[in-house]
Amino acid sequence: MSPTFHHATRAWLPQGFAADVRFGFDPTDATLRTMETGGARDGAAALGRIVVPGMPNLHSHAFQRAMAGLAERRENPDDTFWSWREVMYAFAGRVGPEDLRAIAAQLYVEMLEAGYTQVCEFHYLHHQPDGTPYADPAAMSLALIEAARETGIGLTLLPTLYMTGGFDGRALSARQQRFRHDVDGFLRLVERLRARETQRLAVGIALHSLRAVQPDAMRAVLDGIATLPPSAAQRPASTMPVHIHIAEQIGEVQDCLAIRNARPVEWLLDNAPVDRRWCLVHATHLEADEMRRLAASGAVAGLCPTTEANLGDGLFPLKAYLDEGGVLGIGSDSHISVSPVEELRWLEYGQRLVTRHRNVSASATTPSTGETLYARALAGGAQAAGGGIGAFEPGMRADFVVLDDGAPLLAGRDPVRVIDTWLFAGNVNLVRDVFVGGERVVEGGRHLERERIARRYRDVVDHLARSL
């Protein structure tokens, strides 16, 4: 099939903004094939004045979008992450496959409208509330796949291994039973899901945390996935992403020290083959040597600033990590905010509050704070998602965002100031159109299926709220 051609007045390429970019993608595989700069439109469809790559969202628990705002009342004078977790467990116990599909579809619409074009779904809500598998043990995973399909977002599905309730290997509580897998059952699920891979669906794995996966189980799973055949999309097992929650809370660090005589990131780097396939989500509480070793490993630090602030987790040592050449990406995690703008803004603002300096993320070679953060998050998010996205260049999937060049906020902004203005100059959504794999899914700021999906979501959440 002949390529489909588009033209952007300005497009942000890996080397920065370029003028008059004419590009083509092959509709059969949704991959960018050709790209010319500085030329005429030559019949290509006009996109707009400002086009940027779509942002990957590297960490999502989709069901938590429907409980956003339900844990903002003080029920305990010592309210912490752990008390929030109890509210989350109560809500999670009510969500079934059709509920999850409706919630995830609404979330994915919101992501696309905000400029996210790929989501890594860290999925541990596997079974019925009492731990009994559904008639189809993959029912909850398939609900997420269907939500992604109907909204058009790219999905990296990360079925999550969750086995124990603490570093000491204690049994899971009653409210954690639906998260549970043994190693063999988990590997069967992963292999089945890999048989459904497509150009827009990749499958990796997640280890929920060091407290939920004991060392022998971690080794068994890593050995097990290494023997899997290529997926339906011909992706070898050796390229599968591996994600893990780690060092999010001080209590987790203290427990790890007490049981394993090492800090969480320290222990993981000493005992697992951490490399570019890995994404360490949060990694908030690091000592200097852990931070340097993480940066040197090539793994991604998966940062979720709005959730980490909402839960009182703490601040990642961003400046030192960037100076060491560390890789990072962003996620919206619990979805109290669904906006790459807000994640990147608060990633920078947290550092400003700590250091009492401005433009902390920028450097002498990359003086734009906005472009530095956006470029880093694109690269790290693409790596965490399994690759093939996150850049506007031939060979990548045709994911791109068209900003609203008629918005007052962008008036008088030359390309040098566009990304900075988008990220730091207000709360009006400047995303006009969004394409995933060359297919337009958002037009004029609205997802093409927004109303239908929102109606179904409202019905589901109204029902769930009545049962709380």
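**Figure 1. R456 and its salt-bridge partner E150 in the predicted model.** R456 has a relative accessible area of 26% and is therefore partly exposed. Its closest approach to E150, between N and O atoms, is 2.6 Å. E150 counts as buried because its relative accessibility is 12%, under the 20% limit.

**Figure 2. The salt-bridge network around E150 and R456.** Salt bridges link R101, E150, E449, R452 and R456 into a network. The count for the model comes to 25 salt bridges.

**Figure 3. The salt bridge between E113 and R450.** The closest N and O atoms of E113 and R450 are 3.0 Å apart. E113 sits in helix α2 (residues 97-114) and R450 in helix α14 (residues 450-466), a separation of 337 residues. E113 is buried, at 9% relative accessibility, whereas R450 is partly exposed, at 26%.

**Figure 4. The salt bridge between R277 and D275.** The closest N and O atoms of R277 and D275 lie 3.9 Å apart. D275 has a relative accessibility of 29% and so counts as partly exposed.

**Figure 5. The chain that holds these pairs, with 14 helices and 18 strands.** Buried residues account for 59% of the 468 residues. Among contacts with a separation of 6 or more, 74% join residues 24 or more positions apart. The mean positions of the 48 positive and 57 negative charges are 2 Å apart.

Methods: Residues numbered from 1 in each chain as written. Predicted model: local features only at pLDDT ≥ 70, side-chain atom pairs only at ≥ 80, totals over all residues. Heavy atoms only, no water. Helix = DSSP H or I, 4+ residues; strand = E, 2+ residues; numbered from the N terminus. Buried < 20%, exposed > 50% of the residue type's maximum accessible area, 1.4 Å probe, protein only. Contact = heavy atoms within 4.5 Å. Lys, Arg positive; Asp, Glu negative; His and termini not counted. Charge placed at Lys NZ, Arg CZ, Asp CG, Glu CD. Salt bridge = Lys/Arg side-chain N within 4 Å of Asp/Glu carboxyl O.
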